[in-house]
Amino acid sequence: MADVTISSARATELGLAPAGKPRGMIRRAWEVFAENKLALAGVGFVIFIFLFCFLGPVFYHTNQVNTDLETYLCHPSGSHLLGCDDLGYDELGRLMIGGQTSLEVGLAAALISVLIGTLYGAISGFVGGAVDAVMMRIVDAGLSIPGLMVIIILSVIFHPTPLVIILIIAFLYWFGVARLVRGETLTLRTREYVQAVRVIGGRPMRSVLRHIIPNAIGTIIVQGTFAVADSILTLSGVGFLGLGVAPPATDWGSMLSGGLNYIQGGNYWWLIYPPGVAIILTCIAFNFIGDALRDAFETRLQRR
Amino acid sequence: MTALLRIEDLRTHIQLKQGVVRAVDGVTLHVDEGETLGVVGESGCGKTMTALSIMNLLPVGGHIVGGTITLGGRDISGLDSDAMRKIRGNEVGMIFQDPLSSLNPTHSVGRQIAEAVILHRDVTKKEAYERAVEVLDLVGLPRARERVDEFPHQFSGGMRQRVMIAMALACEPKLLIADEPTTALDVTIQKQILELIDDLRHRLGMSVILVTHDLGVIAGRADRVAVMYAGKVVETTDTSTLFVNPRHPYTEALFHALPENAAETRVRLYSIPGAPPDLVNPPTGCRFAPRCRYATDRCRAEDPLLSGETTAHTYACFFPVGATEKTVGGRLVVVEAAQTESEHTEEVPVPGEVVLSARDLVKDFPVTRGALLQRRVGSVSAVAGVSFDIRRGETLGLVGESGCGKTTIGRMLVGLEKPTAGVIRFDGKDLAKSSGRTYRHERREIQYMFQDSYASLDPRMRAGMILREPLIVQHMGSRKEQTAKVKEMLGHVGLPETATERYPHEFSGGQRQRLGFARALMLNPQLIVADEPVSALDVSIQAQVLNMMRDLQRELGLTYLFISHDLSVVRYLSNHIGVMYLGKLVEIGTADEVYLRPAHPYTKGLIESAPTADPEAERAKSHEGISGELPSAIHPPSGCRFRTRCPLAQEICANVEPELRPHGVAGHLAACHFPLQPALEVPVAAEQVS
């Protein structure tokens with residue numbers, strides 16, 4: 001497949017053949033991406049976990065609002081495939097709605113932090129000089145705050161709804177993105193195609209939005225993918241400390257924390273393994289995807 | 001003489017994901033003892049891979065699949081890596097193009113040379129170190145004993161290449177492979193390095209394989225030449241025969257594409273159409289056939305073998321050229337139907353009014369120290385008081401070594417740098433005075449053509465968008481009009497309309513340079529500043545781009561400021577030439593005046609240093625050239641900045657800075673106390689500079 005495209009491009013150079021359908025950036029990136037089998041498995045798992053969490057409840061009806069003491073810690077059975085927890089909620093159904101929270105928070109926090117961080121970092125790097133120095137010292141200060149402590153304090157002050165947690169995680173995460181994008185911008189702004197914008201009379205914002213950010217998009221998307229995994233992990237940590245979303249809503253970390261109380265009392269494995277495995281597999285899947293995306297956006301590899 | 005190295009039917013393949021690249025495909029050549037073999041060809045023709053095959057230093061995926069390499073009677077093509085290590089650096093030395101990346105920055109040069117000696121000789125560390133000093137002295141490193149402990153970054157480019165040569169020669173190899181040894185260097189330094197290699201060859205009695213794309217380098221240095229194309233040797237013979245009587249159409253085309261051969265007549269250059277073939281799926285038959293002007297059906301079906309009337313001159317062609325053509329002064333004179341047609345276009349351009357005038361331009365770059373509080377500790381004097389005028393429709397060429405300030409001048413004209421002092425007037429308006437909207441509007445008139453078209457085109461944008469962007473920024477026309485304009489420009493630069501859908505990396509080097517030129521033309525500028533537009537291109541592609549620039553200049557009435565280090569290219573394209581040295585304009589005048597009757601010693605040295613593709617002229621040249629290296633621009637020499645390298649320098653040169661004074665024909669100015677041409681009496685002010 002790649003073979004054919006390359007030789008036809010060469011043929012056009014020689015003026016022997018008409019230009020074939022050129023491949024877009026996404027298409028070329030996908031070709032490199034698809035070569036990484038682990039990443040494809042990651043994509044498969046992420047699709048699966050989304051369907052499981054968001055479409056699962058449609059087919060597997062459970063009561064996740066009212067507690068039911070009759071099914072207190074019941075073992076897995078035909079009516080409760082993964083048993084029930086200490087409040088009588090069906091564990092499998094809980095895994096779905098807990099997953100909804102975890103994925104929503106993970107994606108939203110990653111999106112917000114990457115958007116803010118990218119713009120901040122690109123402007124800081126492009127303007128340079130004193131502005132850059134001040135903007136980056138702010139980032140340094142932000143990065144020096146111990147994240148977990150801030151989360152604990154803020155979760156105590158605010159009622160921990162998913163929205164609040166999203167904002168807290170995004171606030172803590174964007175500093176890192178900003179620093180990374182700023183570094184990328186520093187190398188991109190000296191590129192001749194960015195200078196060429198000045199020669200044609202373009203404004204600086206055009207250079208940033210049309211040339212620098214699109215060329216840093218690989219770094220940004222990779223960072224965004226990792227941010228999703230990190231946010232899910234952070235949310236799990238918060239939930240594990242008992243500061244996650246308020247019941248009856250839940251997340252994987254809170255489920256894990258709830259199950260931990262029964263770890264010594266008996267063989268209640270279904271309280272521990274399902275949320276734990278879900279957290280681990282989801283994070284690994286996003287990390288695999290991120291790694292493959294880094295390769296996919298490397299233009300050098302695309303040109304093979 | 002016996003052959004030191006004999007390569008028979010060498011085949012080297014490189015396994016890539018999408019197929020096997022037949023990088024070297026049946027190469028047969030030999031190097032006699034004490035001789036220099038030149039291997040010449042365009043990029044991607046397999047010359048470097050041939051050299052690397054000898055050393056068995058092939059890149060990942062590369063391996064020799066056939067043929068023999070015999071060194072001093074021993075077949076070395078099948079040796080294991082241990083046996084090969086004994087040969088590398090010991091019997092065969094190699095120097096590469098880029099001396100900076102070939103040297104380890106964390107070790108002193110002495111240690112790196114000593115390392116090579118210890119590997120191959122049974123010596124103590126001290127003896128190896130002594131040997132390092134000895135070879136550094138041999139390659140002409142001044143104060144070798146003092147500098148042996150310095151690190152690569154403390155040496156200039158030319159000195160680094162000397163260190164590389166010293167390392168290659170430390171074990172006295174019988175064969176030295178020099179792969180583009182001077183391509184990254186300035187002409188004056190190139191001459192010094194080539195002289196050095198030549199001199200060492202005689203003194204040490206070794207053989208040299210000189211791999212280069214530059215026919216001029218080959219002309220003066222090689223005893224025999226092998227011309228390579230698409231992984232094969234297409235012609236091989238001794239140097240003087242090749243230059244006088246090339247038989248292969250490819251060799252002939254390479255000569256015709258050289259701008260220096262057309263510098264006096266200014267006829268259109270012959271350019272080889274198309275680009276070299278893909279070595280994954282090479283065409284059947286003669287590989288040059290698709291680009292050959294003499295090709296017949298037989299050429300496309302059968303692969304010609306290397307043969308000839310004598311064994312000394314062989315060529316792989318069914319229909320060899322030459323032999324019947326007249327040669328004048330060692331140079332081919334070929335008149336072709338296609339060329340005669342365009343010759344009438346060589347009218348003398350009518351000098352228009354002054355479009356752009358620069359007066360006393362100064363640019364200092366601050367040198368700062370400290371990470372946070374950047375203290376200014378000095379300044380680099382990149383441009384120091386340069387004045388010139390450019391008239392409508394003409395081309396002003398700026399030449400000089402790297403670091404002379406020619407690029408900075410170009411960048412100041414297009415607004416990429418702000419002059420520290422001085423005035424740039426365009427159409428009578430001071431460019432520094434406008435701002436905001438008028439500034440943006442004025443930007444349209446002067447456009448810039450970058451040297452590296454790959455770096456100057458956004459890799460994430462399709463060609464259509466790249467070309468439309470100037471119009472979008474300047475709010476010119478509707479979307480439909482913009483698209484029409486893009487198509488018109490693509491037609492002008494000779495690219496198909498379908499090119500709009502492609503990304504920059506899908507074009508070849510020459511096509512990208514056309515695209516870069518099309519972008520510069522989008523805003524209908526009056527003046528185009530072209531910064532080294534052809535220096536990264538192969539000779540045949542260079543000819544295509546130069547022809548295109550000349551054609552469009554006539555069609556669209558453009559004015560060029562053409563910046564290049566290559567005097568023959570500048571002379572071919574320019575009406576006037578300005579020669580720069582370390583921030584100063586040392587000479588300016590009409591192209592022929594400056595080239596044929598240089599008044600400044602630097603100009604003369606530059607002309608002599610530039611290699612020409614004429615073995616006899618090359619051999620007749622003096623061996624001097626310009627000695628030394630460009631001084632630091634942080635502390636430029638007092639008085640005349642060239643005095644430290646000038647053979648004519650006297651005391652006055654250090655004390656009094658020479659002014660530009662007229663010499664010979666009107667408009668020929670040079671700044672020298674001891675000019676090579678008689679000076680006219682009346683000193684003129686800079687305002688009269690043409």
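The buried residues of helix H3 of chain A are A:Ala39, A:Gly42 and A:Cys53; by buried I mean that 20 or more other C-beta atoms, placed from the backbone, lie within 10 Å of a residue's own, with 12 or fewer making it exposed and values in between partly exposed. Helices here are DSSP runs of H or I with at least four residues, strands are runs of E with at least two, and both are numbered from the N terminus.

Please note that this is a predicted model, in which local features need pLDDT of at least 70 and side-chain atom pairs count only at pLDDT 80 or more, while totals for chains, interfaces and linings use all residues. Residues are numbered from 1 along each chain as its sequence is written, and chains are lettered from A and ligands numbered from 1 in the order in which they are written.

To return to H3(A), this helix covers residues 37–59, 23 residues in total, and reaches 31 Å from its first C-alpha to its last. That is close to the expected 33 Å, the expected span being 1.5 Å times one less than the number of residues. At A:Cys53, H3(A) bends by about 40°, the bend being the angle between axes fitted to the seven residues ending there and the seven starting there. A proline, A:Pro57, follows within four residues of that bend.

Chain A as a whole has 12 helices and 0 strands. Of its 304 residues, 42% are buried. Among its contacts between residues at least 6 apart in sequence, 71% join residues at least 24 apart; a contact requires C-beta atoms, placed from the backbone, within 7 Å.

How do H9 and H10 of chain A cross? H9(A) passes H10(A) in a right-handed crossing, meaning that the near helix is turned clockwise from the far one by less than a right angle, anticlockwise being left-handed. The contact involves, among others, A:Leu235 and A:Phe240 of H9(A) and A:Trp252 and A:Leu256 of H10(A). Its residues divide into 5 nonpolar, 6 polar and no charged, where Ala, Val, Leu, Ile, Met, Phe, Trp, Tyr, Cys and Pro count as nonpolar, Asp, Glu, Lys and Arg as charged, and the others, Gly among them, as polar.

I turn to chain B. Helix H11(B), residues 249–256, is largely enclosed by the rest of the structure, because 7 of its 8 residues are buried. Those buried residues include B:Tyr250, B:Glu252 and B:His256. They pack against helices H9, H10 and H20 and strands S9 and S10 of chain B.

Helix H8(B), residues 187–204, has 18 residues and reaches 25 Å from first C-alpha to last, close to the 26 Å expected. Its buried residues, among them B:Val187, B:Ile193 and B:Leu200, pack against helices H7, H9 and H23 and strands S7 and S8 of chain B. H8(B) is followed by B:Gly205, whose phi is positive, near 60°.

Finally, two leucines in strands. B:Leu527 lies in strand S21(B) and counts as buried because 21 other C-beta atoms lie within 10 Å. Beyond four places in sequence, the residues that B:Leu527 touches include B:Val355, B:Ile446 and B:Leu561. B:Leu398, in strand S17(B), is buried with 28 C-beta neighbours inside 10 Å. Leaving aside neighbours within four places, B:Leu398 is in contact with residues including B:Ile409, B:Leu561 and B:Met580. B:Leu398 and B:His576 are 178 residues apart in sequence and 8.7 Å apart in space, C-alpha to C-alpha.
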